[in-house]
Amino acid sequence: MPQAAMTRLSNQLAVFPGMLSQYGHRAQTRSDHLKLVREYLEWQPVPTGGESLKELEQFLLDRAVEHDTPSLLFHEAAEYLIGAKVERPGMVTLMEMVGTARSGATALTSERVAPMLTGRMRRDLDGLLAVDPEIGMTRLTWLTTPAVEATAAAVKTAIERLLFLRGMDAHELDLSTLSRERRRFLATLGRRSSVQDLERRFPILLALVAQSAVDQLDEVIALFDQAVSARESRAKAKTDAALAERAKKGEARQLLMDVILPVLNDPSIPDEEVGGLLRTQIGLEKPREVVSVSWKPLPRDHGRLSALEASYTYLRQFTPHVLNVIDFQGGPGTADLMDAVGRLKELNRVGGRKVPAGAPKSFVPARYADYLAKAKRDGDDTAFRHYWELCTVLALRDGLRSGDVYVPGSRRYADPGTYLFTPEQWEPRRAEFCQLIRKPAAAADAIAQVKEEFHQAMEDLEQTLANSAPNDFGAVRLDENGRLIIPPLSAEDIPGKARQLRDELSGMLPFVPIASLLIELDARTNFIACFTHAGGHKTKQTVALKRNILAVLIAGATNLGLTRMSEACGVPYDTLAWTQEWYVREETLREANTVLVNHHYGLELAKKFGGGTMSSSDGQRFPVHGKSLTARNMTIHGGQVLSTYTHVSDQWSTYGTQQIVPTTREGHLTLDEILGNQTDLPITEHATDTRGATLVNFGLFDLVGKALTPRIRDLGRITMLRVDNPGSTNALYPHAGPLLADRWNEDLITECYPDLLRMGGSLKFGEATASLIVGKWSAASRQNTLAAALKEWGRMRRTLHAARYLSDPVYRRKITRQLNKGESLHALRRDLHYAQQGTIVRPHFSDQTEQAWCLTVLTNAVITWTTEYYGVAIGELRTQSREIRDELLSFIAPGHRENINFFGVITVDIEAELAKLIEGWRPLRPTAVTDAGTSFLLNP
């Protein structure tokens, strides 16, 4: 029992705390008192039969059908019993009931899918497990091997897989009788199982092909997008190079004009003398050189579509196939585009070459329209066909990105309207949601609430600007011309005593290899228990299994890979590969990470770092070797890289990790990990840099009850809103008013406010994924009224944030400090991820994601272990009568790693490492205090 709880209880009982340690030595005493407590609280005894036991068994069966994780089922059963005021059975009894429920769920699953298992379907499923001589592997392996590059061949292979699945009618399978989580579990099990394990296991194969049909549809569209975009990027690079060369050639013309124009503009020089004067100054040779170089006027797009036309033949290798197999549907405002897509499909079908008269062109951007007009004027049907088809394909791609074009049956490219609750689903949840995020249900009340907040923010900004003189260089101010000046924030002043304490505590940390650190930390947190078998088999983890799991974790985080890890730790490669396949996967890594974050959150010292209410996110680039769909060549980073996007709390713990394409806007993914946060961290505020500060993010953060607090580059250039006309606003706020350049569209908000709440509720309650909503609505066309309203709401939230940011230096400092915490962990991750020069060699997204989570788990392990020992060291110093003020502890960073060995031979000997601990801890490196009160290391 915690000391605080024992003290409180002894005070209530009016007894000495030490007496409580003698309580319960007689078993009868505990039984009698338990009975009395149960009667007092009106709880029921442990169910041993009858209706109560049946209800518990039915509850477990229903939950087991939804998911198969034994630990989760156990905790849900415990919560169910608490809610029903029923005493929990013993651990063994309840786990046996969980096992029975899982077996029952398996039988019930087979029963529910039995009608779909026709004779033909059984033969098709069996055929997946046989080696096909045409492809040299089983069709199951062929279906579950994703592409590694977006080429014409990859697109066509993906289409072949899609057609194969459609030939099995996989896209028509209705597994709605199984929960989404159950379908996901079965499909995951199918991907990880061997052919022998899957023989005659039809429910698993059925779930696998049903999910593969959706995944393969999404992969075809994604590869189509990337392959087209790659050629467009190549055309852009070619055009940019041509523009640079043109600029070099134009320099001679510019130098010539620098001489000619002053003469032409000088009225004192008679017209008849101009020619002679210019020939005297520049001669005839230079003008002849300039004239000899052809200088044709550039089209509006600088020739990009013409450069893309060079890839027309390549694009034709796969675009007709994509149009033929994908059922593209258009939303509002896309009638002409969908008509063009239909006409193009017909041309492909009949082999037509000439675009029919009257083919729509309204979707063609203005910068490309001249190409079509010139081809039409010249009577060049071939050029017109090429340019019209390219514009159609580009518009189709852009429509898929924005959601204006969607694909029935797809998950990623579905109709954006289906991401949200329907009005009927939303109505019973609306009141609960409004109470949860503290927003009124009526638009008028919500607008009044925003206006009140607006006027308070403007009053603070007005006071700041009124009190700052134009020559006050350290303050936010207006210059003589009324322009906003935002000086850079000065470096934070860290007290000298804090620096000294930080160095002293770091010197007291024990030296430890990374494997020993993990073994020790598991003894206190039991995070390795989160790595359960993918098949749902619940067995006690042996020492050997724990060793293997730790070895796989270290191999992924340090980038050693399983082959080198096998050499370093002596465990056979096959054993490590099997452990990785069945135990170390994204869901178990997330669960283990949650255990570490929660443990760290409970540490007393962690609370001095921050309250756990604020976080930040940032991307970190890692080099990539070989082909990968997620990698991109970026000159600024020296080659091919991918990005790991992490969410870091104000306590230095990392609670979210995503592997993303480095050219993807990070802002699209900012909200995902916050809404999906399963840790105890009560995140309410989130900081990003400029890349995360989109209008859609500002709006959505507020609509789910969170605050987006970014550090925006060029903040003075953003458009800030007012809620009244310029005259009234300037009269109220003479200094701040002129900065408010646009008026808030209250009519648009009033019209769409119920749907804005529905969108926020769909995200908050998990109906929709934030990244899908942010991505679609950020790219949505002007015809999308709801997207426009969301951005308008975001504009007001950005205005309020900017006003506070400008008027409150403490607020600015807090945001900067949090962003610095996130960025400082990049160095720790790079040190951990040292092998192969930090270059990622695993090509597939799922493997890269698992490796990124291995790195996150080890990063949090180092942070947690260091925080623990910092706390022990502080306690040690205080026992020496050292005064250590709490305000100094906020400057201590637990990312110190000089005492941790990541390299060399890795020995994962759990029993030997635990035997080295003294009452669960390692001894600190001792210090001594001099007469002057300073300390030094006895054994540095």
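1. Basis of the note. The model is predicted; local features are given only at pLDDT of at least 70 and side-chain atom pairs only at pLDDT 80 or more, whereas totals for chains, interfaces and linings use all residues. Residues are numbered from 1 along each chain as its sequence is written, and side-chain values use heavy atoms, with hydrogens and water left out.

2. The largest nonpolar core. A nonpolar core is a set of buried Ala, Val, Leu, Ile, Met, Phe, Trp, Tyr and Cys residues joined through side-chain atoms within 4.5 Å. Buried stands for under 20% relative accessible area, exposed for over 50%, and partly exposed for values in between (1.4 Å probe, protein chains only). The largest such core has 106 residues, and Leu 125, Phe 527 and Leu 553 touch the most other members. Helix H36 (residues 845–879) supplies the largest share of this core, 14 residues. Helices (H or I, at least four residues) and strands (E, at least two) are DSSP runs, numbered from the N terminus. Apart from this core lies another, of 75 residues, among them Leu 478, Ala 736, Leu 739 and Leu 806.

3. Phe 527 and Asn 526. Contact here is taken as heavy atoms within 4.5 Å. With neighbours within four places in sequence left aside, the contacts of Phe 527 include Leu 550, Leu 553, Ala 592, Leu 596 and Val 857. Asn 526 lies in the loop between helix H23 (514–525) and helix H24 (543–558). Asn 526 is not a glycine, yet has a positive phi of about 60°. Most residues other than glycine have a negative phi. Asn 526 is partly exposed, at a relative accessible area of 42%.

4. Ser 881. A positive phi, near 65°, is also found at Ser 881, again a residue other than glycine. Ser 881 belongs to the loop between H36 and helix H37 (886–889), and is exposed, with a relative accessible area of 70%.

5. Strand E10 and its partners. Ten of the eleven residues of strand E10 (residues 639–649) are buried. Two strands are treated as paired if DSSP finds at least two bridges between them. Strand E8 (residues 614–623) runs antiparallel to E10 and is joined to it by nine bridges; Arg 621 has Ser 643 in E10 as its bridge partner. Strand E9 (residues 632–634) is likewise antiparallel to E10, with three bridges, and Met 634 stands opposite Gly 639. Strand E11 (residues 654–660) pairs with E10 in the antiparallel sense over six bridges, and there Gln 658 is the bridge partner of Tyr 645.

6. Two hairpins. The hairpin of E9 and E10 has four residues between the strands, and Gly 638 takes a positive phi near 80° in it. The hairpin of E10 and E11 also has four residues between the strands, with a positive phi near 80° at Trp 652.

7. Two buried arginines. Arg 812 lies in helix H35 (residues 809–832) and counts as buried at 10% relative accessibility. Its contacts beyond four places in sequence are Val 476, Leu 489, Tyr 805 and Leu 806. The C-alpha atoms of Arg 812 and Thr 709 are separated by 9.3 Å, although the two are 103 residues apart along the chain. Arg 797, in helix H34 (residues 785–807), is buried at 14% relative accessibility. Residues up to four places away not being counted, Arg 797 touches Val 450, Glu 453, Phe 698 and Asp 702.

8. Salt bridges. A salt bridge is a side-chain nitrogen of Lys or Arg within 4 Å of a carboxyl oxygen of Asp or Glu. By this rule there are 47 salt bridges. In one of them, Arg 139 and Asp 132 have their closest N and O atoms 2.9 Å apart; Arg 139 is buried at 13%, and Asp 132 is buried at 16%. Another joins Asp 755 to Arg 758 at 3.1 Å, N to O. These residues are separated by about one helical turn, because they are three residues apart in helix H32 (residues 746–764). Asp 755 is partly exposed at 31%, whereas Arg 758 is buried at 13%. Finally, Glu 520, Arg 524, Glu 868, Glu 913, Lys 916 and Arg 922 are linked in a network of salt bridges.
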